[in-house]
Each structure stands twice: as structure tokens, then as C-alpha cells.
Amino acid sequence: MLAMEHFTSSGVVASSKRTVMEPDIMHCPHNGTSQNPTSASLNMTLGIIFNVVALIILVKAYNRFRRRSKATFLLFASSLVATDLAGHVVSGALVLRRYTASSKNNYSLKGDPANPDSPCQFLGGCLVFFGLCPLFLGCAMAAERCLGVTRPLLHARLVTTARTKIALSMIWFLALCVALLPFFHLGDYTYQYPWTWCFIRVMNNTTSTDLAFVMLFSGLAFSSLTLAFVCNTISGMTLIRARMRQKSSSQRFSARSHDTEMVVQLVGIMVTSCICWSPLLVFGLMSATHFYLTSHQSVEVTCMYSKLMMTGVRMATWNQILDPWVYILLRRAILRKIYRITKKQVSFRGSTFRSVRWDAGSLQKPEKKC
């Protein structure tokens, strides 16, 4: 979800509310945005490349493990990466289209928060939809792995490819229903500072439905992250206990290596989602609550909350770029290489430390005899 620049056909903002808000913009430093499309193009290109590479890796792995327990996880993971890729393509196309229109017509005005147009409504819906989908999918993947690690027989009986596809459809449908709520007058999408991107109305004329919509969006997102954390913790503790029993009984469980790889990837997804999405969720709740309870705001307070929201959405956009690296870097082959390198470094340092101690002891012995 990249920022989209909106330009009017007449070059003049007609709304009186926008005129009232203009001093706030002028008093906020760095209120302008560059019209150079290089940054938006680079961001979109990197996201597409990383997601395509990760998708190729996952598809090859899915074809290799089609009839094993890992196939369900890979189907979820491929769907998550494909969703991130679609978010980049759709939002990026809107960004480049607006930048192209700007360069041809030389318009410099941005979107009007008092009168959001259809592209703004669409972009706001995309931000909600493509924001909830990865969080829902990460939660579903964590729950599926938790069941597979703790109750493998029950997992083999309940979890099938057909049921997984049904679960994916339900996840996408739920996220779509939430994103479409403003079209049924349950909340509203509007331009956000610096009026180049759209999200739920959290500032200026915030209504009870806007506050309820923000609370619903943030509540679903935080619930998904919390459930994913609980499931990943249970899976991790189960694998650690199995590893300790393996060492004590001198047995080998080759299947556990696949489970460890998947749990490590899930933890990576969860940490990335928490870091990228938590600021926007928290700042959105703070802004909506504050502006709903207080009618008149000073310029300083408005600028502060506006910049917090802008920082939050910038961090959220990196989730779609960082998610693919979880599957690219945290694969079993790469994890093994990291483990071997780390083990060699530790053994090398240990042998060096022992040799230094031996040399020091040999130097001290003649001094004692003297």
C-alpha cells in the first residue's frame, strides 16, 4: 500500500472545509511530498521482485511436499505472499498512474480530505483489506502448525487441502467484508496527511461510526497477532521438549526438522507483522479516540497526530516487502548453513580460549619453580 497522490481536474480546491484546514498544513513542517516517481517505483519494484522470488520458492516446495503435512503450511504461505504481491501491484499501479497524470498536467494539489473521491475510497479499502489478510493468514498458519506439532494424528485427520482452500476463501471474504463497511456507511475513508494516502477517518469530524470502525480494524489485527503469538509459543515449547527428549534417548526424528523450519518462519512473520503494523494500529486508535472526544484541536496537536499516522503507514508498507524475506532466508538449507557457521565459530573461539589458557599456564610454571 503506497501513498497515492490525488489531483483535481480544475487545479482548485472548492471545499470550504479544506480552506479551514489549510493553516494546519502550512504550520506542519515537511508538508509537501516529492513528485518524483522514482521512490514509489523503486518501492513497488522491490516488493514485486521479493514477493515473486518467495512465491517461486514456495510453489516449488509445495510441489515437492504435496502429499505431506507441510503442504498445508506451504499453501497458506503461498497465499500470503500472493496477497502481498497483489497489494503491491494494485496500490503501486494507482501511485504510478497519479504520478504520470501529475507530470503531464503539472498539477500540484493533493486530495481533499473533506471530499474523498472514488480512488481514495478504493485505496482506503485496499489498505484495510491487504492489511488484514496477512495478519489473518499468519494467525491461521500458526494455529495449523500448533495443531500439527501438538496433535499430529488429529491434524492428519482434520486438515486437508480442500478444507485449507475453504479456510483461505473465508479469510479473504472476512477481510473483504471489513474493508467494504464504509460503503454501507459504517465508517469512512478519507485522505490523510499529507493528503497523499487514504485510510479510515481518524481526525477532523470523527464520528462514532469512524471510531467503531477503527476499533474493529485494530481489534481484529491485534487479536490475530495475539493468537499467533500464543500458538507459536506452544509450538516452540513443544519442539524444544521434543529436542531434549531426542538428546536424552539418542533417537532421531527427521520430521521435526520440517516443523522447526515452519515454526521459525512463523515467528519471523509474526515479529515482522508486529513491528510493521503495531504503530499504525496504535496511532489510529489514539487519533480516533482523541479527536472523537475533543471537538477543537490546536495546530500542534493536529500536526502531531498527523505525523504519527504518516509514520505508521510508512512502517506498514514495509510489511509486504519484508514478509518474502522470511521465506527466502529462513529456509532449512540456509538455517543449516547458519547453524554450521555459528557452531564452527563457537568451537574455534573455544579452542583458541583453551590454547591461550594452556600457554598462560605453561608460562607460569617456570616462575613458580624459581
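Trainee: Is leucine 239 buried or exposed?

Mentor: This is a predicted model, and the values here are computed from it. Leucine 239 lies in helix α7. Buried means under 20% relative accessible area. Leucine 239 has 10% relative accessibility, so it counts as buried.

Trainee: How many Å apart in space are leucine 239 and threonine 150, C-alpha to C-alpha?

Mentor: In sequence, leucine 239 and threonine 150 are 89 residues apart. Their C-alpha to C-alpha distance in space is 8.9 Å.

Trainee: Which residues is threonine 238 in contact with, leaving aside its neighbours within four places in sequence?

Mentor: Threonine 238 lies in helix α7, which covers residues 208-249. At 12% relative accessibility, threonine 238 counts as buried. With neighbours within four places in sequence left aside, its contacts are Val149 and Thr150.

Trainee: How many of the residues of α4 are buried?

Mentor: Helix α4 covers residues 118-150. From first C-alpha to last, α4 reaches 48 Å, close to the 48 Å expected at 1.5 Å a residue. The helix is mostly covered, and its buried residues number 27 of 33.

Trainee: What does glutamine 121 touch, not counting residues up to four places away in sequence?

Mentor: Glutamine 121 lies in helix α4. With a relative accessible area of 14%, glutamine 121 is buried. Not counting residues up to four places away in sequence, glutamine 121 touches Pro116, Phe183, Asp188 and Tyr189.

Trainee: How many salt bridges does the count come to?

Mentor: Side chains of opposite charge can pair when their charged atoms come close. The cut-off for a salt bridge is a side-chain nitrogen of Lys or Arg within 4 Å of a carboxyl oxygen of Asp or Glu. Glutamate 144 forms one with arginine 145, the closest N and O atoms being 2.9 Å apart, and aspartate 188 forms one with arginine 201, also at 2.9 Å from N to O. The count of salt bridges comes to 2.

Trainee: Are glutamate 144 and arginine 145 buried or exposed?

Mentor: These two residues form a salt bridge with each other, glutamate 144 pairing with arginine 145. Both glutamate 144 and arginine 145 are buried.

Trainee: How many residues apart in sequence are the parts that aspartate 188 and arginine 201 tie together?

Mentor: The side chains of aspartate 188 and arginine 201 meet in a salt bridge. Aspartate 188 lies in the loop between α6 and β1, and arginine 201 in the loop between β2 and α7, so the pair ties together parts that are 13 residues apart in sequence.

Trainee: Is arginine 201 itself buried or exposed?

Mentor: The limit for buried is under 20% relative accessible area. Arginine 201 has a relative accessible area of 11%, so it is buried.

Trainee: Which residues make the nonpolar surface patch of about 480 Å²?

Mentor: One of them, leucine 176, is in helix α6. At 38% relative accessibility, leucine 176 counts as partly exposed. The nonpolar surface patch is made by Leu176, Leu180, Phe183, Phe184 and Leu186.

Trainee: What is the phi of histidine 185?

Mentor: Most residues other than glycine have a negative phi. Histidine 185 is found in the loop between α6 and β1, and is exposed with a relative accessible area of 68%. Although histidine 185 is not a glycine, its phi is positive, at about 65°.

Trainee: Which residues of α10 are buried?

Mentor: Helix α10 covers residues 319-329 and is largely enclosed by the rest of the structure, because 8 of its 11 residues are buried. Those buried in α10 are Asn319, Gln320, Ile321, Asp323, Pro324, Val326, Tyr327 and Ile328.

Definitions and conventions:
Residues numbered from 1 in each chain as written. Predicted model: local features only at pLDDT ≥ 70, side-chain atom pairs only at ≥ 80, totals over all residues. Heavy atoms only, no water. Patch = residues over 30% accessible without salt bridge, like charges linked within 9 Å, V, L, I, M, F, W, Y side chains within 5 Å. Areas by Shrake-Rupley, 256 points an atom, 1.4 Å probe, with all protein chains shown as cover. Helix = DSSP H or I, 4+ residues; strand = E, 2+ residues; numbered from the N terminus. Buried < 20%, exposed > 50% of the residue type's maximum accessible area, 1.4 Å probe, protein only. Contact = heavy atoms within 4.5 Å. Expected span 1.5 Å × (residues − 1).
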